[in-house]
Amino acid sequence: MEKTIKFNEVTKKLPKHLHQFIVKQSYENYTAQNQAVWRYVMHMNIDFLSKVAHESYLEGLKKTGISIDMIPKMEGMNRILKDIGWAAVSVDGFIPPSAFMEFQAYNVLVIASDIRTIEHIEYTPAPDIIHEAAGHAPIISNPEYAEYLRRFGKIGSKAISSPKDFEMYEAIRLLSILKEDPNANEIIINKALEKVEALQNNMGELSEMAQIRNLHWWTVEYGLIGTLENPKIYGAGLLSSIQESKWCLTNEVKKVLYTIEAASQNFDITKPQPQLFVTPNFAHLSLVLEEFANKMALRKGGLKGVQKLINSQNLGTIELSTGIQISGVFTNVIADENNKPIYIQTIGPTALASRDKELIGHGVENHSEGFGSPIGKLKGINLAIEDMSPKDLEVYGIYEGKRTTLLFEGNIKVEGEVITGKRDLQGKILLISFKNCTVTQNENILFKSEWGIYDMAIGKEIVSAYAGPASFKSFKNIGKVSEEKTPKIKYDKQELRLHKLYKKVAKIRINKNLDIEKLTEIFINLKDNYPADWLLPLEIFELVYNSNSKLESDVKAYLFEIKKISKYEQLINNGKNLITKNN
């Protein structure tokens with residue numbers, strides 16, 4: 001990875017498991033037509049958005065080094081982004097929401113390196129470099145919004161998913177890839193669409209990840225800011241779509257005040273949004289985020305928190321009141337009659353940590369087959385083990401070499417010989433290890449002495465439960481890169497010849513050397529061989545406008561003819577109007 005991807009001061013802080021999602025931006029693969037698509041969208045957007053976008057947008061374009069005329073290079077963006085404490089990396093299309101948010105938590109913007117095809121110039125169902133670089137990047141130049149993004153990433157990456165969430169992610173990723181691929185089969189696209197719709201209608205109770213993904217969609221992607229009567233645009237999905245940025249401000253789209261209720265409002269990625277949320281200011285976004293975070297297992301812990309982790313069937317972490325963290329795949333929790341968890345169990349590789357650092361001797365190699373521990377107080381004793389002084393521990397028979405029996409509330413009984421304990425820097429006891437130990441609840445055997453050393457986590461309650469490990473160094477295989485890759489578009493010889501014409505026109509524009517003869521030759525070739533192409537005639541018209549040449553009148557007449565094809569009419573009119581306005 002490091003041989004092909006250049007890391008800077010910001011990206012060097014990324015945990016290793018996120019590296020698997022980073023791809024090299026192959027800038028040479030962008031065709032001259034791709035560059036023309038970028039130019040068209042950016043010129044259209046800036047002309048319109050300068051009037052309707054949040055004030056940070058235009059200023060942010062300058063601050064983040066995004067050119068109107070050329071697709072940005074990641075290295076160039078990073079040189080400028082570092083000044084505001086951010087960075088950008090290139091990825092292949094949609095990545096899992098948890099990974100996306102984790103990048104954000106490290107002040108890293110993920111940018112899908114592909115660009116929309118000319119057929120989807122107004123709106124693309126797939127993330128692309130226009131959406132990411134020209135949509136997301138400019139607004140992060142606003143310090144308050146940038147901090148919201150970072151906090152959102154930090155909190156969102158801890159949200160607990162359901163098994164259906166990953167299935168939905170894979171289904172949406174496949175659909176977006178197929179819809180953007182000009183060579184995709186219509187039958188296959190429809191099947192992928194049916195699968196997404198079926199999943200959307202059968203998600204059941206929304207997981208934390210599904211809810212926070214909704215909050216992300218209605219703010220970061222499709223957010224409006226200001227008043228309900230006169231909102232401005234700041235969401236990247238709107239900033240990068242010519243079509244939707246105009247439509248969203250009409251009365252056809254319902255505007256609702258942004259509140260925590262947005263977490264329950266699902267969205268359909270395949271259609272324009274009929275309703276949008278308006279935040280009065282960026283500070284309000286953080287208030288709603290905190291309100292949501294206070295409802296998460298991350299901050300509430302308890303029985304429900306463990307149950308969410310069990311239901312997720314994924315790697316997660318619980319933190320006890322002492323600060324000890326148990327990371328693994330949770331499979332069981334025993335609760336008492338008051339719904340307080342009294343025993344937890346994981347299966348497979350498990351690691352113990354404190355303050356997000358693995359405890360020495362308690363990595364996955366030491367707990368390869370799972371981990372179990374009682375939680376709570378000893379029966380009939382008000383003083384919890386974690387609050388006991390060394391003298392108290394001695395009184396209750398909890399010291400090295402002592403064979404002891406500990407009966408916890410809920411009738412969890414631990415019988416064995418104390419070997420040692422672990423404390424944190426403040427002296428709080430985190431762990432007690434036993435040999436020749438059995439753990440039972442009434443007749444139910446939870447641990448047998450022949451299984452080896454029993455390590456008992458200390459804590460009277462579960463204060464936090466969240467997705468992922470406490471220490472990333474504990475687990476090698478975190479996260480999963482989709483097996484469905486975005487295919488590189490294969491162009492036939494005719495299309496490649498068209499791209500060469502685009503390149504010739506671009507060269508004339510860049511060199512600022514108006515060659516009417518050469519442009520006329522290109523235009524004749526275009527008319528004879530590419531009657532369906534509308535963008536290159538506009539590029540030529542931009543160069544010859546006000547030249548009073550025959551070519552100018554010929555191109556103008558040609559554009560008038562091809563705009564009779566209804567799907568090109570608005571695109572051509574928009575382009576011509578902008579050219580005449582700016583010259």
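This is a predicted model: local features need pLDDT of at least 70, side-chain atom pairs count only at pLDDT 80 or more; totals for chains, interfaces and linings use all residues.
Colleague: How many residues of helix α9 are buried?
Modeller: Helices are DSSP runs of H or I with at least four residues, strands are runs of E with at least two, and both are numbered from the N terminus. Buried means under 20% relative accessible area, exposed over 50%, and partly exposed in between, using a 1.4 Å probe and protein chains only. Helix α9 is mostly covered, and the buried count is 13 of its 14 residues.

Colleague: How far apart are the end C-alpha atoms of α9 (residues 208-221)?
Modeller: The expected span of a helix is 1.5 Å times one less than its number of residues. For the 14 residues of α9 that should give 20 Å, and the computed distance agrees, at 18 Å.

Colleague: Which kind of aromatic pair do Tyr148 and Phe152 form?
Modeller: Rings of Phe, Tyr and Trp (its six-membered ring) pair if their centres lie within 6.5 Å; planes under 30 degrees apart count as stacked, over 60 as edge-to-face and the rest as tilted. By this rule there are 18 aromatic pairs. With centres 5.6 Å apart and 70 degrees between the planes, Tyr148 and Phe152 are edge-to-face.

Colleague: Where do Tyr148 and Phe152 lie?
Modeller: Tyr148 is buried, at 1% relative accessible area, and Phe152 is buried too, at 0%. They are four residues apart, about one turn, and both lie in helix α6 (residues 143-156).

Colleague: How many residues apart in sequence are the parts that Tyr258 and Phe277 tie together?
Modeller: Their ring centres are 6.3 Å apart with planes at 80 degrees, so this pair is edge-to-face. Tyr258 sits in the loop between β5 (254-257) and β6 (275-279), while Phe277 is in strand β6, so the parts tied together are separated in sequence by 19 residues.

Colleague: Is Leu383 buried, partly exposed or exposed?
Modeller: Leu383 is found in the loop between β11 (372-374) and α15 (390-395). Its relative accessibility is 31%, so Leu383 counts as partly exposed.

Methods: Residues are numbered from 1 along each chain as its sequence is written. Side-chain values use heavy atoms; hydrogens and water are left out.
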